[in-house]
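Here is a walk through one protein model, from a single definition to the overall figures. Please keep the structure in view while reading.

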Amino acid sequence: MTRARANVSRFDRRTWAVGLLLAAALSVLPVVGLSAQPAAAEGRPAASLTVGHEDGVIIYTVRAGDTLAAIARRYGTTVAVLTRLNGITNPNRIYIGQRLRIPAPGSGTATSPVRINFPPGGISATVRGSVTFPNRYCYVLTAQAGQEMTVSVTSPGGAANFLITSLRTGTPLKRLENEDRSVTVTLPVTGDYLICVATAAGTVSYDLTVSIPPLPSAAAPVRIQFTPGSTSATVLGSVASATERQCYILRALARQVMTVVVESAGSTARFSVVGADGSPLKRMEVGGAWAVINLPLTQDYTICVGVPAGTPAAVSYSLAVDIR
């Protein structure tokens with residue numbers, strides 16, 4: 001009986017020691033699939049795994065079911081910003097466990113711009129801020145292809161300037177080297193546009209105003225066909241007002257040269273040329289009544305004819321296109 005009790009006592013001590021070792025080991029292992037408190041309870045999106053912040057960005061770990069578009073919506077940014085910030089070439093391919101850098105909201109950097117929203121029914125907005133050299137303060141807004149955006153900045157001594165870039169294509173619409181403090185540009189693609197304010201020295205306060213009127217009405221593009229053996233064609237038309245566009249479409253090959261000439265009374269009519277890939281080859285507000293363009297791709301090209309704001313009456317025109 002004494003021997004049996006001694007064996008039991010030794011077994012109990014060994015079991016107790018092993019139990020302590022197991023408890024200690026389990027206490028330092030990560031618990032997979034469990035959460036003491038959902039992220040939503042802390043004011044963060046429930047699907048996020050935020051593991052830290054660095055340089056004004058959130059570090060996010062991709063989970064099953066995530067898409068880049070859904071993550072962008074969740075954090076108030078855009079797919080274009082996330083792809084550029086993370087070096088992603090295919091926005092449709094992310095993987096579980098991938099760590100993404102997401103701009104912290106409202107920091108005003110190029111990767112975390114402040115979104116400009118127009119009031120209901122409005123076509124313009126003014127924001128007031130300040131910027132210190134060499135930094136830039138950036139804004140983003142969404143607009144449609146073909147809309148005309150007017151951006152102007154006012155500051156003491158004209159010290160503040162701005163740039164405009166399409167986030168979808170990376171195309172600069174205005175660089176800081178352009179000293180104009182007010183520009184009107186025809187937007188080449190539908191998507192987000194980045195506007196960054198900068199100054200050459202010190203700190204400056206500014207007012208930035210952005211106006212985007214509704215898209216002018218335009219009939220479906222008319223396809224221009226060359227007669228067999230011909231390299232050119234001429235069409236006649238008229239534009240009733242500055243809110244109207246008459247558009248034409250034609251197909252051409254890469255490395256061909258396209259010459260476009262529009263003639264009208266007083267050279268009032270103007271035109272734009274945009275490739276099917278969204279690249280602007282001539283903007284409505286730039287250049288005269290003719291252009292010679294080296295075509296970059298084999299694709300359709302759209303030519304739209306319009307007139308400036310304030311034109312008092314309908315304008316008749318002839319549009320000649322030559323491709324060779």
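Two strands count as paired if DSSP finds at least two bridges between them. The model discussed here is a predicted one.

The order S15-S22-S17-S20 describes an open sheet of four strands, with antiparallel pairing. At its edges are strand S15 (232–239) and strand S20 (290–294), each of which pairs on one side only. On average, neighbouring strands of the sheet are turned by 15° against each other, direction ignored. In general, strands of a sheet pair through backbone hydrogen bonds, either parallel or antiparallel.

Asp-192 is found in strand S11, which spans residues 191–199. Is Asp-192 buried or exposed? Its relative accessible area is 12%; Asp-192 is therefore buried, the cut-off being under 20%. The side chain of Asp-192 forms a polar contact of 2.4 Å with that of Thr-142. Leaving aside residues up to four places away in sequence, Asp-192 touches several others, including Thr-78, Arg-115, Val-140 and Arg-168.

The protein as a whole comes to three helices and 22 strands. Of its 324 residues, 36% count as buried. Among contacts with a separation of 6 or more, 72% are between residues 24 or more positions apart. The protein exposes about 18,000 Å², and carbon and sulfur atoms supply 57% of that area.

Methods
Residues numbered from 1 in each chain as written. Predicted model: local features only at pLDDT ≥ 70, side-chain atom pairs only at ≥ 80, totals over all residues. Heavy atoms only, no water. Helix = DSSP H or I, 4+ residues; strand = E, 2+ residues; numbered from the N terminus. Axes fitted to C-alpha atoms, helices over the stretch in contact; angles between N-to-C directions. Buried < 20%, exposed > 50% of the residue type's maximum accessible area, 1.4 Å probe, protein only. Contact = heavy atoms within 4.5 Å. Areas by Shrake-Rupley, 256 points an atom, 1.4 Å probe, with all protein chains shown as cover. Polar contact = N/O pair within 3.5 Å; in protein donor to acceptor, adjacent residues only side chain to side chain.
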